[in-house]
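Hi,

Here is the structure I said I would pass on.

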Amino acid sequence: LPQEMQFAGQPVPLDNWQVRERIEYEFYQFLGDEGENIILAKRTGRCFPLVERMLAEAGMPDDLKYVLLVESKCVPAATSSAKAAGPWQFTSSTGRHFNLERTYWKDERRDLERSTEAAIKYLKVLHNLFDDWYLALAAYNAGEKRIRMALRDQKVADYWKVRFNSETMRYIPRILAVKEIFSQAEKFLGL
């Protein structure tokens, strides 16, 4: 990893060995599967241009596009064990809340443009709530109530100092590792 990193304009505290190690772990996990990374790099060519344009038009940080690789690997048909679906992995209730139509024949959670539109709205809400991209993304992963309770119960306001379940603890480091790898695919993947 480099000596300094940023995500969405916020510095990553790499001088803290625990933070650095968490990100390095995810970094090496991703690099461990060269074949999958080549496929992911190809997928970014299909899904990133639309998402980059939509993020720019909404005045949102371009770095948010890397969430797609962690959430769904840019696969519209992706489904989680919690029944979240699509590239941004919306649950049915959150999808409905952000006007994603779901019928027997159509599921807009799986539509890249419609789900990106909903994700932008949701991420804006979360960022306004926490005023921090790391906490906003943790809330995107675990739910805003869980994040607020963890911050309150542990009496901290910093994503890097609070303890969550292992999935949420790994979520931001995964996104940071993915950003480092896929923003420099020629360096790390030889592409």
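**What I found**

At 16% relative accessibility, Ala-78 counts as buried (buried means under 20% relative accessible area, exposed over 50%, and partly exposed in between, with a 1.4 Å probe and protein chains only). Before going further: this is a predicted model, where local features need pLDDT of at least 70 and side-chain atom pairs count only at pLDDT 80 or more, while totals for chains, interfaces and linings use all residues. Residues are numbered from 1 along each chain as its sequence is written, and side-chain values use heavy atoms, with hydrogens and water left out.

Back to Ala-78, which sits in the loop between α3 and α4. On the naming, helices (H or I, at least four residues) and strands (E, at least two) are DSSP runs, numbered from the N terminus. If you skip its neighbours within four places in sequence, Ala-78 is in contact with Ser-72, Ala-84, Ala-85, Gly-86, Gln-89 and Arg-110; contact means heavy atoms within 4.5 Å. Take Gln-89 from that list: Ala-78 and Gln-89 are 11 residues apart in sequence and 7.5 Å apart in space, C-alpha to C-alpha.

Gln-89 turns up again in the largest pocket, where it is among the residues closest to the centre, along with Glu-71, Asn-141, Glu-167 and Tyr-171. That pocket has a volume of about 680 Å³, and 28 residues line it. For the terms, the search runs on a 1 Å grid over the protein atoms alone: a pocket is an open set of points where a 1.4 Å probe fits, with protein on both sides within 12 Å along at least five of seven lines, and lining residues have an atom within 4 Å of a point. Grid points are joined across faces, edges and corners, and the volume is the space filled by probe spheres set on the points.

Which elements give two or more residues to the lining of the largest pocket? They are α1 (17-31), α2 (34-57), α3 (67-71), α6 (133-142) and α8 (166-182). By type, the lining divides into 12 nonpolar, 8 polar and 8 charged residues (Ala, Val, Leu, Ile, Met, Phe, Trp, Tyr, Cys and Pro count as nonpolar, Asp, Glu, Lys and Arg as charged, and the others, Gly among them, as polar).

α6 deserves a paragraph of its own. This helix is mostly covered, with 9 of its 10 residues buried, including Trp-133, Tyr-134 and Tyr-140. Those buried residues pack against β1 (6-7), β2 (10-11), α3, α5 (112-130), α7 and α8.

With α7 (residues 144-154), α6 packs at an angle of about 125 degrees, and their axes are 7 Å apart. Axes here are lines fitted to C-alpha atoms, for helices over the stretch in contact, and angles run from 0 to 180 degrees between N-to-C directions. The two helices are therefore oblique to each other: angles under 35 degrees count as roughly parallel, over 145 as roughly antiparallel, 65 to 115 as roughly perpendicular and the rest as oblique. On the α6 side you will find Leu-135, Ala-138, Ala-139 and Ala-142, which meet Glu-144, Arg-146, Ile-147 and Leu-151 in α7. That contact is made up of 6 nonpolar, no polar and 2 charged residues.

Phe-130 in helix α5 is worth a click too. Phe-130 is buried at 12% relative accessibility. Leaving aside neighbours within four places in sequence, its contacts are Leu-135, Ala-136, Ala-139, Glu-144, Ile-147, Arg-148 and Leu-151.

Most residues other than glycine have a negative phi. Asp-131, in the loop between α5 and α6, has a positive phi of about 55 degrees although it is not a glycine, and is exposed at 64% relative accessibility. Lys-73, in the loop between α3 and α4, also is not a glycine and has a positive phi of about 60 degrees; Lys-73 is partly exposed, with a relative accessible area of 33%.

Two last stops. Val-19, in helix α1, is buried with a relative accessible area of 1%, and touches Val-12, Pro-13 and Trp-160, not counting residues up to four places away in sequence. Asp-62 lies in the loop between α2 and α3 and is partly exposed at 34%. With residues up to four places away in sequence not counted, Asp-62 touches Glu-52 and Leu-55.

Cheers
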